Amino acid sequence: RRMVAGLEAMARKEWSRALGHFENAVILRERLPWRSDPESAWMLAAAWINRGDVLQRLGQPELLPEAVLSFDRCIEAMGHVPLERNPAFVERLVLAWISQGVAHSDLGETGGATEAFSEAEKIIRGKEEEMTAELRFLEAMLRTNRAKCFTAASRPLEAWEDIRLAIRILRNFGTSPAVVTAAIKARCIQCRALALLLEEPGGSERVGDWIAEATDSVEEALALVRFSGHQDEWVADLVRYGARIYQVCQPHFLGEFLAEWLTGNGPLADHPALKEEMRNSLLLAQVEVERKVLLVPHDTEFVEAQTKVLKSLQAGMLALR
């Protein structure tokens with residue numbers, strides 16, 4: 001009853017109420033002989049992982065160490081469950097390690113996070129011959145969250161390698177709400193990783209064909225947002241990082257890109273703060289074009305090309321007014 005009540009409270013986003021129910025469930029299930037009874041261990045693991053999930057969702061950094069403890073205890077309980085009997089057993093253990101990694105990452109503990117993600121990856125690799133759809137989706141979540149951790153730690157190349165594989169996996173999962181949310185988040189992280197790479201010395205020369213891959217991802221994300229109506233902080237961040245990529249690598253498309261998202265029936269047309277932020281990006285792009293022209297004013301061909309870029313940026317500025 002406690003578990004059911006906790007799940008119902010989670011569905012209503014009543015996180016504190018859900019936490020109370022799961023903590024009571026933990027107390028009750030700890031009294032069971034879970035070290036010798038696999039079913040009791042399985043049930044206890046469920047209580048601990050749900051407690052950790054709620055602690056993360058409360059969004060209070062001081063609670064994250066308790067979330068780490070919850071996932072530790074879930075993993076300990078799962079050590080008494082015969083994984084070979086049911087794919088769901090493997091999936092829960094993988095989810096616990098991923099959640100553990102996310103909690104460490106949110107605490108800024110990159111080492112602990114990567115160790116947890118590696119444990120999840122080992123289990124997945126060991127099941128390649130009997131991979132379930134759920135486990136493959138969890139692999140995408142593993143790679144997405146590890147890439148997020150790498151970007152936070154300023155390790156964009158590792159993030160890029162993980163996130164492109166996550167996106168490739170997610171393309172096989174249709175357009176359910178959970179998949180759409182995951183796909184948008186993944187594309188945002190991909191753009192952030194590339195934006196970080198561009199900030200490194202010689203970054204624009206290193207990325208090569210990755211620019212086209214990232215801009216394709218942005219367009220795919222726009223289609224997903226239009227299809228689903230999904231909006232959260234990841235969508236706005238996708239525009240920010242996408243704009244940075246266009247500004248550095250394809251400034252002639254920057255105005256058009258921003259107008260598509262932020263004007264008319266664009267997904268974020270009613271986002272005035274982001275619109276103002278992106279107007280500043282357009283201004284900076286214009287200044288950069290003007291600076292380039294002043295460096296070689298007698299190169300007629302170059303000046304003509306930059307003039308076209310400048311006009312496209314000005315058109316974008318007009319659209320965003």
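Which residues does R244 touch, not counting residues up to four places away in sequence? With contact taken as heavy atoms within 4.5 Å, R244 touches A195 and E199 once those sequence neighbours are set aside. The structure described here is a predicted model, in which local features need pLDDT of at least 70 and side-chain atom pairs count only at pLDDT 80 or more, whereas totals for chains, interfaces and linings use all residues. Residues are numbered from 1 along each chain as its sequence is written, and side-chain values use heavy atoms, with hydrogens and water left out.

R244 is placed in helix α12, where helices (H or I, at least four residues) and strands (E, at least two) are DSSP runs numbered from the N terminus. With a relative accessibility of 27%, R244 counts as partly exposed, on a scale where buried means under 20% relative accessible area, exposed means over 50%, and partly exposed lies in between (1.4 Å probe, protein chains only). From C-alpha to C-alpha, R244 and N86 are 46 Å apart in space, and 158 residues separate them in sequence.

R244 is also one of the residues that line the second largest pocket, together with Q247, V248, P251, A285, E288, V289 and K292. Pockets and cavities are defined on a 1 Å grid over the protein atoms alone: a cavity is a set of points where a 1.4 Å probe fits but cannot get out, a pocket is an open set with protein on both sides within 12 Å along at least five of seven lines, and lining residues have an atom within 4 Å of a point. The second largest pocket holds about 180 Å³ of space, a volume being the space filled by probe spheres set on the points, which are joined across faces, edges and corners. Helices α12 and α14 each supply at least two residues of this lining, and the largest share, 4 residues, comes from α14. By class, 4 of the lining residues are nonpolar, 1 is polar and 3 are charged, where Ala, Val, Leu, Ile, Met, Phe, Trp, Tyr, Cys and Pro count as nonpolar, Asp, Glu, Lys and Arg as charged, and the others, Gly among them, as polar.

The largest pocket contains about 1200 Å³ of space. It is lined by 30 residues, of which D53, Q56, R57, N145 and K185 are the closest to its centre. Two or more lining residues come from each of α3 (38-57), α4 (64-78), α5 (87-106), α7, α9 and α12, and the lining as a whole divides into 15 nonpolar, 5 polar and 10 charged residues.

A nonpolar core is a set of buried Ala, Val, Leu, Ile, Met, Phe, Trp, Tyr and Cys residues joined through side-chain atoms within 4.5 Å. The largest such core has 58 residues, among which L194, L254, F257, L258 and W261 touch the most other members. At least two residues of this core are supplied by each of α7 (133-152), α8 (156-170), α9 (177-199), α11 (210-228), α12 (233-249), α13 (254-262), α14 (272-295) and α15 (300-319), with α9 giving the most, 13 residues. When neighbours within four places in sequence are left aside, L194 is in contact with W160, V207, W210, I211, A214 and I245. Apart from this core lies another, of 47 residues, including M3, V68, A103 and I123.

N50 lies in helix α3 and is buried, with a relative accessible area of 15%; beyond residues up to four places away in sequence, N50 touches M3, L7 and F22.

The structure holds 0 disulfides, a disulfide being a pair of cysteine sulfur atoms within 2.5 Å. The sulfur of C188 is 7.0 Å from the closest cysteine sulfur, in C191, and this is too far for a bond; C188 counts as buried at 2% relative accessibility.

Most residues other than glycine have a negative phi. K13, although not a glycine, has a positive phi of about 60°; K13 lies in the loop between α1 (2-11) and α2 (15-30) and counts as exposed at 61% relative accessibility. S154, likewise a residue other than glycine, has a positive phi near 55°; S154 is placed in the loop between α7 and α8 and is exposed, with a relative accessible area of 55%.
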